[in-house]
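Me: I'd like to go through this one with you, a few spots at a time. Here it is.

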Amino acid sequence: MNYQESLAYLESLNIFGIKLGLERIQKLLARLELPQERYRTIHVTGTNGKGSVSAMLAGILRHSGIHTGFYSSPHLVSYTERIRVDGQAISEQEFADCLSSIKVYIDQMVADGEECPTQFEVLTALAFFYFAIKHVEYAVIEVGLGGLLDSTNVIVPEISVITNVTLEHADRCGGTLEGVAHHKAGIIKDDVPVVTAAKGIALDIIRQQAEEKNADLFVADEDFSAGFISYEGNFQRLEFSSGLLGALREPYTLHLLGKHQIENASVAIMAAKLIHNLDSRITNKTIDDALTLVSWPARFERADYAGQKIIIDGAHNPAGMTALRESLDLYYPAEERVLLLGILRDKDIDTMLDILLRPHDTVIVTVPHSDRASDPQLLAAKVAAHVQHVEALADNAEAMDRALELANGEKMLVMAGSLYLVGELRRLLWDKKGGDA
């Protein structure tokens with residue numbers, strides 16, 4: 001099949017929805033001769049920050065001369081973004097070719113009376129298969145949803161990372177913060193070290209699981225930490241320290257803005273230093289080189305256009321909105337703001353708006369590309385309780401043009417609320433710039 005045919009096939013798998021569990025993916029991978037066991041892995045989960053930490057770790061491995069795969073989700077524009085080797089996305093033809101090969105085994109499963117894998121399970125198998133074909137040495141694998149029953153949780157990694165735990169996807173992960181934490185802690189394997197920035201009850205659950213699995217646990221602000229030094233342009237300086245690793249305090253330059261990225265960087269640095277024990281190619285210099293160059297689109301991303309200052313951020317839950325608001329207040333405290341927002345209706349919209357909005361902000365509401373998108377008029381009514389000026393424009397392009405008009409090069413333009421939205425807005429913005437996103 002070609003790429004368009006592969007997309008149509010993936011879309012056909014959507015009828016199976018989201019069904020947590022490992023039996024289907026295990027059976028499919030067994031038919032593919034267990035590609036995920038042909039290289040070392042790092043497994044990353046968390047409510048927020050797992051994509052950024054995964055990108056940092058993949059960059060660190062790559063800049064250390066290690067042949068590296070990286071599997072992430074969701075994508076902003078193209079499915080090919082999810083599967084990368086040495087920083088390069090899988091080509092559309094490679095994607096289609098791999099999916100064609102895997103479909104043969106899926107058809108066999110169905111013919112044998114077994115349950116058809118879901119779309120995410122097939123994408124995960126495709127990533128594992130592709131990394132094996134490319135003979136990667138390491139692959140950084142980002143969890144899709146939760147951890148315990150996520151289809152990525154068939155690997156036995158060299159290290160497990162849990163960035164943080166807040167109440168997200170509770171309907172599929174136990175209904176409570178404790179339930180979510182149990183799902184995140186589900187990636188912990190016997191004797192595999194764990195690095196986490198979780199706190200409170202979630203940390204207690206992770207600590208208990210690590211003890212049961214005889215897994216060494218390294219906790220942010222207990223065993224390691226990082227502090228903000230300064231920022232300039234699109235870079236910020238931070239200082240990492242760990243009493244476990246000696247008394248030194250090491251400065252690093254990070255090419256990701258955002259107050260939350262300091263903590264994310266500390267998690268990635270700690271994980272990299274543990275991997276150094278397995279592979280001496282990872283050094284302080286390769287860590288710094290990677291952090292200086294790392295990029296992760298739509299995560300407090302500066303994307304200025306024609307003299308207009310723009311921040312694109314995929315914040316889509318209360319914790320993400322808190323990180324976005326704190327970062328805006330830290331880096332641009334005096335800037336007036338125009339916000340271009342779209343939020344999915346199953347999110348905690350009221351809390352998100354309470355966190356993000358200030359009374360004098362201007363807001364344009366639009367619609368994310370998802371069947372779960374909130375109605376723009378209903379969202380605008382909620383926004384109106386917080387600010388003096390709000391408009392609703394369902395069409396993304398019209399909404400962005402109006403937001404640019406209102407910002408007028410004088411106010412900061414912030415696009416946020418959903419990765420489904422900001423991916424499309426980012427594509428539209430890059431079309432205006434005449435380049436590729």
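Me: Leaving aside its neighbours within four places in sequence, which residues is Leu 324 in contact with?
Reply: Keeping in mind that this is a predicted model, Leu 324 is in contact with Phe 300, Asp 313, Ala 315, Leu 356, Val 414 and Ala 416, once its neighbours within four places in sequence are set aside.

Me: Where does Leu 324 lie, and is it buried or exposed?
Reply: Leu 324 belongs to helix α10, which covers residues 318–331, and because its relative accessibility is 0%, below the 20% limit, Leu 324 counts as buried.

Me: Changing topic, what's the strand order in the six-stranded open sheet?
Reply: The order is β12-β13-β17-β14-β15-β16, with mixed pairing. Strands β12 (301–302) and β16 (389–392) stand at the edges, and each has a single partner strand, so one side of each is left without a neighbour in the sheet.

Me: And which strand is β12 joined to by two bridges?
Reply: That is β13 (residues 310–312), which runs antiparallel to β12, and Ile 311 in β13 is the bridge partner of Arg 302.

Me: What does helix α12 touch on the sheet?
Reply: Helix α12 (residues 376–384) packs on the sheet and touches β14, β15 and β16, with its direction at about 175° to that of β16.

Me: Which residues form the nonpolar patch on the surface?
Reply: Phe 228, Tyr 231 and Leu 330 form it, and together they have about 250 Å² of accessible area. Phe 228, found in strand β9 (residues 225–232), is partly exposed, with a relative accessible area of 38%.

Note on methods: Residues are numbered from 1 along each chain as its sequence is written. This is a predicted model: local features need pLDDT of at least 70, side-chain atom pairs count only at pLDDT 80 or more; totals for chains, interfaces and linings use all residues. Side-chain values use heavy atoms; hydrogens and water are left out. Patches are made of residues with over 30% relative accessible area and no salt bridge: like charges are joined within 9 Å, nonpolar side chains (Val, Leu, Ile, Met, Phe, Trp, Tyr) within 5 Å. Accessible areas come from the Shrake-Rupley method with a 1.4 Å probe; for residues, only the protein chains shown count as cover. A salt bridge is a side-chain nitrogen of Lys or Arg within 4 Å of a carboxyl oxygen of Asp or Glu. Helices (H or I, at least four residues) and strands (E, at least two) are DSSP runs, numbered from the N terminus. Buried means under 20% relative accessible area, exposed over 50%, partly exposed in between (1.4 Å probe, protein chains only). Two strands pair if DSSP finds at least two bridges between them. Contact means heavy atoms within 4.5 Å. Axes are lines fitted to C-alpha atoms, for helices over the stretch in contact, and angles run from 0 to 180 degrees between N-to-C directions.
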